[in-house]
Amino acid sequence: MTHEHEHEHEHDPRAIRTEALERLLVDQGLITSAAIDTIIERYETDVGPLNGARVVAKAWTDPEYRARLLADGTTAIAELGIGGPQGEKMVVVENTPAVHNVIVCTLCSCYPWPVLGLPPAWYKDPAYRSRVVREPRKVLSEFGLTLDDNTEVRVWDSSAEIRYLVLPERPASTTGADERTLAELVTRDAMIGVARIDA
Amino acid sequence: MTSGPDTTLLPANGPAAPPRANGELVFDAPWQARIFGATVALYEAGRFEWNDFQQRLIAAITDHEAVIEAETSDESSGYDYWGCWLDAFRGLADENGWAGATTLHDMEHQLEARPAGHDH
């Protein structure tokens, strides 16, 4: 990293701007700094792919839940006590041997926070956002996922109100495994659709 | 991603871990966490419609990408996602009368004028 200025105490203008905005909002009683702290902690420690993994594992072991999940994602996910901002309209898309689903937000960074947490850097990257639509098979192969030529790839753009979650295929070798064990196998990347679950 | 996904950051397999242990940090700098937290806190307090913010974020990202493409052939170098978020939020705060341009600049100058080593 190069420093154009050598001032020891020079601040990032974005940090100054953020602090100024926070002060103004707090001074007006619109929010409190404690509320900000709580939200940061929530997204750093509580809200993440473990929630989505619970949803997937339940769908794998409970056919009636799976049917409800595919019919109305938001309501079925709420059954497990999971919900919140960016999860108001959830649609769950199911991977099968014939169809592979992958999610993207072409215009910005829309992502199903309640089930996956905040998006990884690559999801927000202009290259992923444009290329996965244009050449999904190539992008997926760069993630190490090679699809059969006969498998149809569906790319779901989350830019509108809907947030998607991929229901990955359950590995054949997990017959008889319980929900808890299965949840441990489910990865964030599989629920975005850039990986398969091997077991 | 022009050089392909960094596989050291992307464990394709293995257990889904809590966000902290996902192989990458949620935020790279404290200000990113603060502006995210402020945005969500205001949203949860019912102060704005998410779509208003989202449209601003899309516009900020579009503008930023145009600048990056003009500056370099590597379209992902220097990509400043949270800077776009901050721009979008500043616009929202201005529109809603929470932080007009003059008020914001005054507060920024006040913060910049603090002596070095001030306590946060």
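**Before you start.** This is a predicted model, in which local features need pLDDT of at least 70, side-chain atom pairs count only at pLDDT 80 or more, and totals for chains, interfaces and linings use all residues. Residues are numbered from 1 along each chain as its sequence is written, chains are lettered from A and ligands numbered from 1 in the order in which they are written, and side-chain values use heavy atoms, with hydrogens and water left out.

**Stop 1: the interface.** Colour chain A and chain B separately. Here 69 residues of chain A are in contact (heavy atoms within 4.5 Å) with 65 residues of chain B. The two chains bury about 5,800 Å² between them, and carbon and sulfur atoms give 64% of that. Buried area is the accessible area (1.4 Å probe) lost when two parts are put together, summed over both. Now select A:Arg17, A:Leu21 and A:Glu44. In chain A, these lose the most area to chain B, together 11% of what that side buries.

**Stop 2: pairs across the interface.** Show side chains. Seven salt bridges cross between chain A and chain B. The term means a side-chain nitrogen of Lys or Arg within 4 Å of a carboxyl oxygen of Asp or Glu. Return to A:Arg17: its side chain meets that of B:Glu108 in a salt bridge, at 2.6 Å from N to O. α1(A) gives the most to the side of chain A that touches chain B, with 13 residues. That side divides into 35 nonpolar, 12 polar and 22 charged residues.

**Stop 3: within chain A.** Over all chains, the structure holds 19 salt bridges. Select A:Arg68 and A:Glu79, whose closest N and O atoms are 2.7 Å apart in a salt bridge. A:Arg68 sits in helix α4 (residues 63–71), and A:Glu79 in the loop between α5 (73–78) and β1 (90–94), 11 residues apart.

Stop 4: How much space lies in the largest cavity? About 120 Å³. A cavity is a set of points, on a 1 Å grid over the protein atoms alone, where a 1.4 Å probe fits but cannot get out; lining residues have an atom within 4 Å of a point. Select A:Ser109, A:Trp113, B:Leu57, B:Tyr81 and B:Trp85, the closest to its centre of the 17 lining residues. Finish on α2(B), which gives the most to this lining, with four residues.

Terms used: 1 Å grid on protein atoms, 1.4 Å probe; cavity = no way out; pocket = protein on both sides within 12 Å on 5 of 7 lines; lining within 4 Å. Points joined across faces, edges and corners; volume = space filled by probe spheres on them. Helix = DSSP H or I, 4+ residues; strand = E, 2+ residues; numbered from the N terminus. Nonpolar A, V, L, I, M, F, W, Y, C, P; charged D, E, K, R; others polar.
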